[in-house]
Amino acid sequence: MDAATVEAGLKKFIGERTGHEPVITNLARLSGGAGRETWTFDADYGGTHLEGIFRCDPVAGVETSAARTLEYQLLKAAMGAGAIVPEPLWDGDDTFPVKFFIMRRVPGEALGGRLIRGEQYARAREVIPGQLASSLARIHSISAAEHPELLQLTAPAEGVSPAQTELDNYEGVFRTLSPDPHPVFELAFRWLRAHMPNPPERVLVHGDYRLGNFMYDETGVRGIIDWELAHWGDPMEDIGWLAVKSWRFGGQKPMAGIQDYEAFFRDYEAAGGSPVDPARVHFWELFGNLKWGVITISQAFNYFSGRNRTVEMASIGRRTAETEWELLKLLEEAGD
Amino acid sequence: MQDRPTIDELLEAVAGYLRDDVMANTQGRTNFHGRVAMNAIEMIRREIATQEEHLGREWDSLDHVLGIQPMPPHLSEVREALTARNRELSERIRAGDADSGDFRKVVMNHLWWTVRDKLLVSNPALAAEGHVTH
């Protein structure tokens, strides 16, 4: 959407909710977040100054996942459970031709590399691992009984493990969209299929819990964002995803580039998370590298298909090799 | 034959424009895409400089894994032929041939070197990090 459309819609929508037509200033589209459009704005109405974020689907009529429509509800549930998230303000209606919602803007930035390397973030790097472990344990405590609206999120079918559900999903995407064969991915699918865990637990999995998907400043984490891949599954999935090589952004430690496995596991358990199973985390870390590899292929496909013709989408197809490199390392370590 | 600048010199000029003009004078989304575009140009320069060597090396390595086949004489046909060979390797892996034993070792070794060549173009810093030597 263009800025004039967003501004007009925001005036109408906020005006209807607050009874005061707002003055919208500092409206700008933010970079990144390939799956959604994100706009920042200030709104002044009836003596209130609101610093807001407007999130919407990029194109009308594009099929949306349940998690995308439920992002507002997910934020509400996570805030209620005690996770650090931006405050959700209003769920969208039919003001725009696409699905949207509005949340309060949190200060800070999200870029992974800047957290790893920034001198001003030395103190933040000390507190963030503990905050991530604690917020993740809080998210995993959200129950379907208390949040029936979240039952619309995908869940493993009766008798099917979370691992098999996720593998079937991403293998399906890979086989449908990949223009090229990827022997390394075939090796990874073989290994993962032979080592699928099947724990009894089913928790709310964020699905994209990683460096780059939370806002931070010098004081630490300010808000976990990007809930579009949320689903029901194995809590170890989120922990393994946080260790994926690409999400270390050059950092030397495995967890988000800034923490060791064991220390993170301790913090997660201390915050009420269920006991960590390192073998399952390893499975999900290997799976996570494969999942990110498949996502790079599907994002490049967005360019080939004409759905999103940006240089960012096209270039991401050349990041697949990074995931193959890490998968070879993990497969070598795992043995047959 | 075209006059100077060469392909590489022209791409260098475009990358310089993206870095010194676009990135230096923009913010947000345009600045971000300027950086992505500059990185893509630098990647293309590395690919042009190495593709003949890399494609030949991948072909020879696949000869070791799948048996010897003559490489097509023209570079334009090699990519398609390599895709077919990688499809054959993928099918053998899916059939379980590389689950263990000597064939797994041969396949893993081949993929190490092939992925490393891909990274030398797409992300040389990561390739330089290395890990286990083969």
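Q: How far apart are the C-alpha centres of domain 1 and domain 2 of chain A?
A: They lie 25 Å apart. This is a predicted model.

Q: Where does chain A divide?
A: Domain 1 of chain A covers 3-104, and domain 2 covers 112-334.

Q: How many residues of these two domains of chain A are in contact?
A: 24 residues of domain 1 of chain A are in contact with 27 of domain 2 of chain A.

Q: And what area do domain 1 and domain 2 of chain A bury between them?
A: About 2000 Å². Carbon and sulfur atoms account for 67% of it.

Q: How many salt bridges across that interface of domain 1 and domain 2 of chain A?
A: The rule finds 2. Asp226(A) forms a salt bridge with Arg55(A), with the closest N and O atoms 3.4 Å apart. There are also 4 residue pairs in polar contact across the interface of the two domains of chain A, both residues at pLDDT 80 or more.

Q: Which helices supply residues of the domain 1 side in chain A?
A: Helix H2 (66-69) and H3 of chain A each give at least two residues to the side that touches domain 2. H3(A) has the largest share, 7 residues. By class, that side of domain 1 of chain A has 15 nonpolar, 5 polar and 4 charged residues.

Q: Switching to Gly82(A). Where is its place?
A: Gly82(A) is in the loop between helix H3 (71-81) and strand S4 (88-91) of chain A.

Q: Now chain B. How many residues of chain A are in contact with it?
A: 30 residues of chain A are in contact with 40 of chain B. The area buried between the two chains is about 3200 Å², with 64% from carbon and sulfur atoms.

Q: Which three residues supply 23% of the area that chain A buries against chain B?
A: Arg190(A), Arg318(A) and Trp325(A), more than any other three residues.

Q: How many salt bridges between chain A and chain B?
A: The count is 5. The side chains of Glu324(A) and Lys118(B) meet in a salt bridge, 2.6 Å from N to O.

Q: Which helix of chain A gives the largest share of the side that touches chain B?
A: H12(A), with 8 residues. By class, the chain A side that touches chain B has 11 nonpolar, 5 polar and 14 charged residues.

Conventions
Residues are numbered from 1 along each chain as its sequence is written. Chains are lettered from A and ligands numbered from 1 in the order in which they are written. This is a predicted model: local features need pLDDT of at least 70, side-chain atom pairs count only at pLDDT 80 or more; totals for chains, interfaces and linings use all residues. Side-chain values use heavy atoms; hydrogens and water are left out. Helices (H or I, at least four residues) and strands (E, at least two) are DSSP runs, numbered from the N terminus. Domain bounds come from an automatic or database domain assignment. Contact means heavy atoms within 4.5 Å. Buried area is the accessible area (1.4 Å probe) that two parts lose on being put together, summed over both. A salt bridge is a side-chain nitrogen of Lys or Arg within 4 Å of a carboxyl oxygen of Asp or Glu. A polar contact is a pair of N or O atoms within 3.5 Å; within protein, one must be able to donate a hydrogen and the other to accept it, and residues adjacent in sequence count only if both atoms are side-chain atoms. Ala, Val, Leu, Ile, Met, Phe, Trp, Tyr, Cys and Pro count as nonpolar, Asp, Glu, Lys and Arg as charged, and the others, Gly among them, as polar.
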